[in-house]
Amino acid sequence: MRPLNQILFFAVLAMIVFARLYAAPSAITGLSLKNIVLYTVSIAILISYADRLSLLRDLPGAAPIAVLLVLAPLSMLYAPVLAGGVKLVPFDMLADYKNELFDPFLLYGIGFLLTARPEAGLRPLRAVVITFGLLNLLALSFYVTGINPFYQNVLSQQHTRFASYGNASNQGADSLAMFLPLTYYLYVHARARGARPFYLFLMLTGIAGIALSGSRGAALALVLELFLMMVWTRRYGFFLKVFVLGVVGVIAFAAVTKGHFLADAVAWFRLFAGTHATNEMLRSEGFSTLDIISSGRTLVWRGILELFAQHPLAVFVGFGWGTYVAHITKLLGTAIATHNMFLKMWVEIGLAGLFLMVWLGRDVLLSYRACVRSYDRLLYYCILAAIFIVVWTFMLSAPTGLYIIWSFTFGVLAGYAKHSRRRSESRARRRVAVEVAAQGEGDGVVYTDHRAV
């Protein structure tokens, strides 16, 4: 990468880390420091790339993203018509739009702009993966030092479950699982001395972080992800060893630090969370056995269906972007996250929201298939595994704290994937050159520039 590109790239990466981990939560009104930094850096990048903004036409999913960015604010205009007595706060709705749509897609495009050029190479992707791998390691240091390295807490659920750099244990665990196949890709392509053990260490600490989170969904996703990687790469022994080492490692780590955290995490893997008395209390409040098993998810999902039953028109057009919390609070008496991004889209934008998500996913998959599959099969499989984790997470959670991290990462991946063919052809030329040179030495012939002289 050129010096200016490197400066801009690391400025964006530092901004994301600052905004997620070290900046105080923003108020709904007013201009926060992290928003000033976000838009200052973003504007600087857009100005410096003014002559290359046409590259964004090649951004995977550009069309559905553009439609979504327009449709969401338009839905806010008819939201009062479907409010049904619910008090809507325009600032909350706009903040939701900014945090969950505008900022993530802005960073997705910027990640693509900064890396969609041949000279960018593997360094941007390496920087992102290493950054969040080290942040997880820094979060794990809490168990040894007792010092929280971030502004937010590295623990969640009454300080019983590990959250890494996510706001909640599920989000932290899901992010570690998403970065796992990308770390493996860097492991395979590592050339520097000591690089492979370093990436292997990041993979093992990632598995440790997932285990300590006690997230049942992330643990199951991790097993399925490793199985997919084993089948696709045919490296069964490697991934089995990594999984076993990760499990043994987390037990040993917890044993020499604070064993009760591991016990608390393991407790969450039980089919029925909590004590018998707790279960009885939850049932008395309207929770079914399935609600308890799903940690309240099915209760919320039934509530969403009840909202649709009360307002059939919303099935098609939604209640308006940023209105879910207000409607579910009135219905259930408390603000509970959807734990499903697809349902959130449906509630707020209607069937059009679901269609746009399918359109976006289809465009992204087709783009990677066209640009990567024939030229870098390993990268293609690693991206598919990462996308699997994203889809899995969206089905069981609504990880708003990870949107910017994930969207920027996939922007970098899209930029890197754009030149897979050129890198493949370059590697093939180098391979032929090495073979020709080796053959020339064996024949006693001197070769220069791959031609005999």
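Predicted model: local features only at pLDDT ≥ 70, side-chain atom pairs only at ≥ 80, totals over all residues.
The largest nonpolar core holds 114 residues, and Val12 and Tyr368 touch the most other members. Helix 19 gives the most to this core, contributing 14 residues. A separate core of 13 residues lies apart from it, and includes Leu82, Leu307, Phe308 and Ile328. As for Val12, which residues does it touch, not counting those up to four places away in sequence? They are Val41, Ile45, Leu107, Ile110, Leu114 and Phe408.

Let me stay with helix 19, residues 377–396, and its packing against helix 9, residues 216–233. The two axes are 10 Å apart, and the angle is about 160°. An angle over 145 degrees counts as roughly antiparallel, and helix 9 and helix 19 are therefore roughly antiparallel to each other. Their crossing is right-handed. On the helix 9 side, the contact is made by residues including Leu220, Leu224, Leu228 and Trp232; on the helix 19 side, Tyr381, Phe388, Ile389 and Trp392 are among them. By class, this contact of helix 9 with helix 19 comprises 15 nonpolar, two polar and one charged residues.

A second pair is helix 7, residues 169–188, and helix 8, residues 195–213. Here the axes come within 9 Å and cross at roughly 160°. Helix 7 and helix 8 are therefore also roughly antiparallel to each other, but the crossing of helix 7 and helix 8 is left-handed. Among the contact residues are Ala173, Leu176, Leu180 and Tyr184 of helix 7, together with Tyr199, Met203, Gly206 and Gly209 of helix 8. In this contact of helix 7 with helix 8 there are 13 nonpolar, five polar and one charged residues.

I close with two individual residues. Thr115 lies in helix 4, residues 90–115. Is Thr115 buried or exposed? Its relative accessibility is 3%, so Thr115 counts as buried. Leaving aside neighbours within four places in sequence, Thr115 is in contact with Phe9, Ala120, Pro124, Gly411, Val412, Gly415 and Tyr416.

Val358 belongs to helix 18, residues 351–371. At 59% relative accessibility, Val358 counts as exposed, because the cut-off for that class is over 50%. The C-alpha atoms of Val358 and Pro64 are separated by 9.2 Å, although these residues are 294 residues apart along the chain.

Notes: Residues numbered from 1 in each chain as written. Heavy atoms only, no water. Axes fitted to C-alpha atoms, helices over the stretch in contact; angles between N-to-C directions. Helix = DSSP H or I, 4+ residues; strand = E, 2+ residues; numbered from the N terminus. Parallel < 35°, antiparallel > 145°, perpendicular 65-115°, else oblique. Left-handed = near helix turned anticlockwise from the far one by under 90°. Contact = heavy atoms within 4.5 Å. Nonpolar A, V, L, I, M, F, W, Y, C, P; charged D, E, K, R; others polar. Buried < 20%, exposed > 50% of the residue type's maximum accessible area, 1.4 Å probe, protein only. Core = buried A, V, L, I, M, F, W, Y, C linked by side-chain atoms within 4.5 Å.
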